[in-house]
Structure formats: C-alpha cells, structure tokens
Amino acid sequence: MKAVALGQTTLVVTVRDKNGRKLSSAPRQIEVFPPFRLIPRTVTLIIGGMMQVMSEGGPQPQSNIYFSISNHSVAKVNDLGQLTALVVGTAKVTGIVQAVDDDTGRVVVFSQDDVTVEVVQLKGIKIHAPVTRLKTGTQMPIYVMGLTSSQTPFSFGNAVPGLTFHWITTKRDVIELVPRHLEITLQLSPEQNFAMVIHSIAQGKTGLKVTVKTLNPSAGQFEGNVGSFYDEIQMMVFGKLQLLPLSFPAEEILMSPNTHLKLQTTRDGVAYVTYEVQNCHINNSVIREDGNGILISGPTTGSSTLKVTALEYFGLNQTIVTGLRVTPVAYLRIQSSPALYVAKNEELTALPLGMTLTFTVHFYDLTGDKFHAQNTELYLAINRDDLLLIGPGTRNNSYVAQAANVGLTLLGVWDKKHPGIADYIPIPVQYAIWPNVTTHVVLSDVICFTSPLVDQEGEAGAWHLSTTDILQIDPTSGLVVTRSSGTATVYYDIPGVVRTYREITVTGVGKVTLFFHNFTHIIGLPSSRVYSFFLTTMNRDSSLSGDCSSAHMKSMEMLKPETNIVCTVQFSNPMLDILTLSVFTVEPAFVADKGQYSCIITIKELSDSVRRDLSTGDTFVSVKASVLGGHYTGQCGRTEISFIPGFYMNELVVILSSREPTANITVFGIYRVLIKLEVRAESSSIVVSEPIQSPAVPNMVTYTLSTTNFSLFQQGLGLSNVTVVSTLTGQAVDVFVTVLRNGGGGGAGGDVPCEELGFFDKLVESYQVLMFTLFAVLATTAIIFIAYNAFLTRIQTIPVVYVSTPTQAVYNSRSSPLVYDRARRRSLPSWMWSTR
C-alpha cells in the first residue's frame, strides 16, 4: 500500500478458493496521517530554564506520546514534554506515539521523533532593537537576547532561579521606556521585564542600557559565575515632516509589497466616490486601484498618490489627495487588550485567572509608521501550553487567550519568512482574588475576599458562587462563610471587562479546641459578667482570613457566621443538672476582632428556690461546642470549669430583746465559700460570734448575734445592718437587726419592726384606734338595726296559719280583716311584740 492523501479508509481482503467460493477478511481501519514531528527542532536553555516540546502530526485523535531523554543529568522531561535544564550539556529528547493493537493486544509504535536540547551558560547579552532611528510619536518593542540568535527570551525568561532586568535611558525627555502590558494596567516585576516598549517623545539622541542580574550567581547561569551582564545602544529620534501653516502632519497610506487594502470614506453610500492612483510612468508597478476601491500593491517598493473624489447629489465635489507608500515590514509589536482598572493605591502584577485577553500584532516600517496593509505570515509560539488557552482571533493578526492556570507563559510571534522580525512578551497569570486560601480552608472558616479590580468609574464588581451549598457569600462585600465540606468556586465579575475566579476546597473540621482565659471559675450569681469560651479549629489561632474592611464587618451581621456552631452547658453533678436551664444563658458568637468563635455564658436572675438548691452544690460546669456539619470524632470541643455558687440565707431580719438577747443567722453554701465568709456589723453595739459549723452538716455555718450594750434593752435600737460577705465570690447580703426595749419580743424572722414611739406618736396612734373603734361600734349597731327591721317586715307580710285547741280560725282572702285581726290577737303568744 502507498499513502496518497490524508484521511481514513477501510481495507478488506477478498480471495476465492478452488471451488470458486468468495472469502473476505474482517474490515481493517486504515488512517493516513501527517508525519509526527516534535517542535522546536532545537531547544536552547540556560540552567534552570524550562521549555515544553510540542508535537504536530501523527494519528488523529493522537494517541499517547511518551517522552524520554538520552542524558538525564543534562535535563529532565515530564509526561507533558516539559524540559527543565540542569547542567551545561547536550541531550536528545525522543517522543514516541504508541497505542495498543486491537487484534494482538500488543503495544504498537506508530511514529517517533526527536529534538536536540542544548543547555548553555550566557556569555553575554544584547539589546534587540529593530531600528535605532524613530520618528516622534512612534512605538517600538525591544527585548534582551543572548549573544547568538538561538538564545531568545525563551531560553532564560522563566529560569529558576530567575534573572532580573533593569532598563535606564540617559535622556528621559527623548524616549520613554514602558513595560509590556502597561496598556492594560499591569505592573510587571523586574524578573519579567526582559521586553519593553520605547515611546519616542522628542527629537534628540539618547542612550539605552539594560543590566541583567542573576538572583543566584552560584547557579552557573552566567559564564564565569559573574553576577550581571549589561548592554547599551544609542537611539535617535527625529521629527515628523509637517507642512506649515497646517497644524497637523500629512498622513499617507502604508502598505507592504503584494498586499490589498479596501478603501472606505465617510461619504460611501451618500455620494458617488471615485479613486485614482496617480503613478509616474516609471512607477506603474508600485500600486494600482482595481476600480472597486481596492488598492493593490506590486512586488516593488515605491511611492505614489491617491486622489479621492466625492460627487455630491446637490452638484458639489469634494477632493482629497493622500500619499501611498509601499515598503517592507521592519518590525512588529504585540499589543494587549482590554484595559483593566484597579482601585486607588492598588496594583496588578499579573493577569487575573480566568481573564480573556486579546493580542493584536501591529506592523511598522523603518521609521516607526504603522502599516495599513501587509501580508506577513505569522508564527506564534509559547514555551508551555498548560497555562493559556490560545487561538486565532476574529480579526486578522489577532489572537484570543484565556488564562486557565496560574503561572508564567512566554509568548513569541515572528514572521515565518523572516524570523528576525519578532516580538516576545511575558504572560504572568495569578489570582486576582485575595487572600490566597485555595487550600487549608476548613468548615466554619470566615473569609474576607477582596480584589483590586474595579470598573472604569472605580466601582467594585459583584461576587457570586458556583454553588450555595458549600459557601455563603455577600455579593457586595465579598464576605464568605463556609457552611459545608466540598469544592466551590468564588467568582468576581466586572461586566464587559473581566471575570476572575478562585476555587475553594472546604475540608471537615479535624479538631476543635475549646478554651477560656481571664477567669478560672464561674460564679453562680446574676451580674453583668460574661464568660466567653473561645473555639479554634485545626490548632489555628483564627478562623478569619483576609483583609477585612468595615463593609465585611457589616456583612457579618447579615450572614451570621455564629450559626455555624452550637453551644451547650451542663453541670457535672447529676443532682443539679435539672437546674441548668434556670441558671445559664448560652449563646454562640463570632468575635471578629479575634477571628474566633465563642460560647457566651451568662447567669440568669435566680429564684429563691433555685438559689437555695444551688448554694450547696459543689460541682463543675461542662461546656461543649460543636461545628454544624461535623459528624466525625474530634469535631466537638469540650472543657470543664469550676462552678462556685452563691451562699444562701433564709433569715434576713433579726430582733433582739431583753427576753431574747441573742439570735442566730444561718448561712448555707459549699465549703470553699463558707470558709471565706466575713460578717460585719454596722453598729459597734452588735457583736458577731465566731462561725459554728457542725461536722454532720458541712454545708451550713451559724453566726450568733448579741449586744454588749444592755442599756439598749431600755432605750431600743432602730434598724442596723449586719453584712455577710463572701471574699471568694464577692456576694454580700444584708441582715437587718433591731433591738427592742423591754417588753418587746425578740428573735429572728418577721417583718422589720418600727422604732419605739414617743408620747405624741402614742397619742396620735391611740386617737386613731379610738376613732376606729367608735366607727366600728356604730357600723355594727346600724347593721343589726337594719337586719332586725327587715326580719319584722317579712313576718308581717307572710300569711300565717294558727291552729287553736278549742276553736280554729283560718284566714283567707274572703275573711274580714277585723275578724282576722281579733283572731290573730287572741292566738299570738304573750312574748311576741311589735314596734307598730
């Protein structure tokens, strides 16, 4: 078989046996593919440089390519064909295309190719400047090369350890040096400034110098282990030709040989437009117009003029004459777009990950004038293909690239026929969403995301997520709260300009630690004291990441990160556990200043029964905090702290008298509290005894109150306080003590008695009692009178039947009143009487 054209076909072998029967083989697929080739054919690197070997041709779809290198000490190669130079020397890299045969199951090698790798030391550097004479107002790219043509920026532009490039001019007023990508507001680092752009500003001569330094001279990247190389060239800027008194220079159409240019005017479709190329008889082959508004340049260079006439429908004509020039391309320049904008006092050092970028190639002649038409066949190369997705753009001589991964890519564009006409640029890609928390994000983390990118008016973009199950975000500020384990993508979008992202992987909480400081115990008394127990995860000091602004802090009130945790508290003493809800208030919180979660515990107002039951309970408090969504061992934090209850007293009023000259007050509490009690009398006449504690009842102590001034029993003593103070808890309780004069009762309990009354007070009090008694007697008499009168009235109005022994009289409605009255009088007993 002989391969004739690219494509696929099917081969079937047919034979006939001696009996004439036709036998056919199974169909076999056959593919004719272009030769497999590795590019570039020669790779030149300095020590630490990296270049990827690409491939073209081979079976389609291409099978696996296996790379190998002949000398592993010179360089190493990975599965992607990426070479890393190690030491000076030469090696051969081989690429093999192989696959498994469907019939035999064996590995079959379809094709292979190899390239040469040269690892060198730089012996010097030079500035590549396409021209050294420029018109004012023009631009020209320059870049650093080695001393040979094979030592391009691909050889050293991404070496590790890196090289730094420092450019200076002797006269800043003549030319301006601008870093690459400045048109899109990128500020490249010195390691990436191997290429620059010259802007010619004013007429004059100036020197241009570059110094290349190695970050590690001992790495052997420079010959002789020197630390730097430099080169210098001279530039001249001259003024444009301008016709006076016109205030603007004359323009001309610039074309390269053998090109076409479609002419257009502002009067197309409105007026009748004609074009006329005015050539001399010796310049007829330079350029012509085909009669349809298309300029066609010939193979030779030269100049001519173009006359454009517009015949208006109202009878007037407009005519312009412009120059035409055909000349070869001297250099090209890569321009990036679209422009990016950053916030004030911020800078962008790399392209945002995910950004779509357009590279447009512009062409210039020897003086820096830009071509309107040219026929250059471009070749684009990159040093690696795993960071950028790049392809042809929608316009001629343009490319569209998307930043797919973080890293540095070197891009070169040159003329296939004239490789010396070239330009190189670095394309660094980094995250434009900060902080760098791609890894080590755990459940319950709170992240303040920021980006320096803004729109043209300086307004920030919007934040959103690929999924809301794992993260929760505020679209305005960029505050993120993790809610579940998994992977999600955070997007920052400026419509029409850029959309960048960062992928976040949230892992489960491996360890939760609960701790407290600034206190050693909890006092069981209502107060303004707040007990904060802080929670950390994975032994980290903070769950908050990023540079948080006031907008982030405000967003925390809306997102409520504290809902990530649950706090519980209980007594270690089972007998007191039922009192937990009556004693404690527990709330989760997120302390933004510390970046930590906390469990806030406060003591409620306690009822008398709770204080009594709690006072004798010697116990610990167990605090537990768990992260929601954490279902594995270690995802709950616990700690215990001593609990000191307040003491309890059921007698707050004490009365002393001559009959009871002493009284006892009893205090209930735990041993630690009772031994730290102090009882202080307000009056020096009140004496407090030493505490009496019974071994049988260790949770109770008794104090005896008495007086040393027995004259108080004759005079009496008004209210006086005896204060019981716990130096351990700070609790203080006042006991009211009163000494009554002779004849009064004594003891403990009851209401607070009044002071002994004087004569006038007694008189007033007696008068009041007298008046009260008088009114009570009058009221009682009136009630008796009214009740008796009502009783008599009832007896007179109710019919009465009286039965006598000898005679019987019956009253009915027909009886005469007189007869009835007589009968009634005779029948009434002698003891009944009437007021009537």
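This briefing describes the overall make-up of one protein chain and then looks at selected parts of it.

The structure is a predicted model, in which local features need pLDDT of at least 70 and side-chain atom pairs count only at pLDDT 80 or more, while totals for chains, interfaces and linings use all residues. Residues are numbered from 1 along each chain as its sequence is written, and side-chain values use heavy atoms, with hydrogens and water left out. The protein chain holds 8 helices and 65 strands, where helices (H or I, at least four residues) and strands (E, at least two) are DSSP runs numbered from the N terminus.

**The chain as a whole**

- Of the 836 residues in the protein chain, 42% are buried; buried means under 20% relative accessible area, exposed means over 50%, and partly exposed lies in between, with a 1.4 Å probe and protein chains only.
- The protein chain has an accessible surface of about 45,600 Å², and 54% of that belongs to carbon and sulfur atoms; such areas come from the Shrake-Rupley method with a 1.4 Å probe, and for residues only the protein chains shown count as cover.
- When contacts (heavy atoms within 4.5 Å) are taken between residues at least 6 apart in sequence, 65% of them join residues at least 24 apart.

- In helix H2, which spans residues 550-559, His552, Ser555, Met556 and Leu559 are buried.
- These residues lie on the same side of H2, because they cover an arc of only 115° around the axis, the arc being that of the directions from the helix axis to the C-beta atoms.
- Ser550, Lys554, Glu557 and Met558, by contrast, are exposed on the other side of H2.
- Among the elements that the buried residues of H2 pack against are strand S39 (446-448), strand S42 (471-473) and strand S43 (479-482).
- Just after the end of H2, Lys560 takes a positive phi of about 50°.

- S42 and S43 form a hairpin with 5 residues between them, and in its turn Gly478 has a positive phi of about 90°.

**Helix H4**

- Val610, Leu614 and Ser615 are buried in helix H4, which runs over residues 608-615.
- The buried residues of H4 fall within an arc of 125° when seen down its axis, so they line one face of the helix.
- The cover over these buried residues includes strand S50 (565-571), helix H3 (580-583), strand S54 (636-645) and strand S56 (663-668).

**Thr169 in strand S17**

- Thr169 has its place in strand S17, residues 163-169, and it counts as buried because its relative accessible area is 19%.
- Although Thr169 and Gly207 are 38 residues apart along the chain, their C-alpha atoms are separated by 5.5 Å.
- Leaving aside neighbours within four places in sequence, Thr169 is in contact with Ile175, Leu177, Thr206, Gly207 and Leu208.

Key
Two strands pair if DSSP finds at least two bridges between them.
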